[in-house]
Amino acid sequence: MTDATAPRSLDETTREALVQLVIQGMHRGTISPAQQALVDAGLAMAKGPLIMPTPGGTAAAQELTRLPVGGDEEKALRPLFEKFLPVNHELREVCSAWQLRPDGSSNDHADAAYDASVRDRLDDVDDAIGRILRRMTDAQPRLEHYRADLTAALEKLDDGDPGALTSPLSHSYHTVWMHLHQELLLLLGISRAEDERLEAELVGGSKV
């Protein structure tokens, strides 16, 4: 990366556009001026209607968002992330149950009783993440919007949109959750490999 495209040489709007692009993984639709600046700087690439971060863009976003190592912010957020991971495991199981019935067949949502049982499990997950998010927001106010975003997805689900839980093409509950997860990894400088190892360790130990 050249000095011209060093992350902290970007203006604030372009820096935030980069961070959001990395959190979301990709953007579909009209490219904003800030996103075009990322493409021009080699921090993002356009493929048809999609724009995605380049490896350099991902590294730059990590540099911009990483909390100071050993600092008070990291010390406050890290134990909350470790509480998040077992709940993350449970959400994946709930999403799997929403998509597939116990016999492995696709869930067509024709069985209201079955869907209600999965929805009850989602309530437990949502209650748990709500408690964790309140404390995370105290440590990192930029995370505050995730509570409202998750609630909005739940409202769509309860209004009759089954895709509001797991659809990858909308602002579904699972999509919002993945964005939260990715932002936590950026803030704490945790790789996906370390994330998976830590979750397996915590879930195995807690029997969540």
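In this predicted model, F81 and F84 are three residues apart in helix α4 (residues 72-99), which places about one helical turn between them. An α-helix has 3.6 residues a turn, so residues three or four places apart point the same way. The rings of F81 and F84 form a stacked aromatic pair, with 6.0 Å from centre to centre and 25 degrees between the planes. That angle counts as stacked because it falls under 30 degrees. Across the whole structure, the search returns three aromatic pairs. Ring pairs also join F81 and F84 to Y173 and W177 in a cluster. Another kind of ring interaction is found at Y114, where the charged end of R101 sits over the ring, 4.6 Å from its centre.

In soluble globular proteins, nonpolar side chains tend to be buried together. Here the largest nonpolar core has 56 residues, and L18, F81, F84, I129, M136, Y173 and W177 are those with the most contacts inside it. At least two core residues come from each of α1 (12-24), α2 (33-40), α3 (55-65), α4, α5 (112-139), α6 (145-158), α7 (163-166) and α8 (173-188). The greatest contribution is that of α4, which gives 11 residues.

T175 belongs to α8 and is buried, with a relative accessible area of 8%; under 20% is what buried means here. Not counting residues up to four places away in sequence, T175 touches S167, P168 and S170. Just after the helix, G189 takes a positive phi of about 65 degrees.

Two further helical residues show how other parts of the chain are packed. In helix α6, A153 is buried, with a relative accessible area of 1%. The C-alpha atoms of A153 and S172 are separated by 5.4 Å, although these residues are 19 apart along the chain. S172 is also among the residues that A153 touches once those up to four places away in sequence are set aside, together with A164, H171 and Y173. In helix α5, V118 is buried at a relative accessible area of 3%. Its contacts, leaving aside neighbours within four places in sequence, are V94, A97 and W98. V118 and E16, by contrast, are 36 Å apart in space, C-alpha to C-alpha, and 102 residues apart in sequence.

Strands of a sheet pair through backbone hydrogen bonds, either parallel or antiparallel. In this model three strands form an open sheet in the order β1-β3-β2, with antiparallel pairing. The edges are taken by β1 (27-28) and β2 (44-47); each has a single partner strand, so one side of each is left without a neighbour in the sheet. β1 pairs with β3 (residues 50-53) over two bridges, and H27 stands opposite I51 of β3. The pairing of β2 with β3 is also antiparallel and runs over four bridges, with L50 in β3 as the bridge partner of K47. The hairpin of β2 and β3 has two residues between the strands, and there G48 takes a positive phi near 60 degrees.

How values were computed. Residues are numbered from 1 along each chain as its sequence is written. This is a predicted model: local features need pLDDT of at least 70, side-chain atom pairs count only at pLDDT 80 or more; totals for chains, interfaces and linings use all residues. Side-chain values use heavy atoms; hydrogens and water are left out. Rings of Phe, Tyr and Trp (its six-membered ring) pair if their centres lie within 6.5 Å; planes under 30 degrees apart count as stacked, over 60 as edge-to-face and the rest as tilted. A charge sits over a ring if NZ of Lys or CZ of Arg is within 6 Å of the ring centre and within 35 degrees of the ring normal. A nonpolar core is a set of buried Ala, Val, Leu, Ile, Met, Phe, Trp, Tyr and Cys residues joined through side-chain atoms within 4.5 Å. Buried means under 20% relative accessible area, exposed over 50%, partly exposed in between (1.4 Å probe, protein chains only). Two strands pair if DSSP finds at least two bridges between them. Contact means heavy atoms within 4.5 Å.
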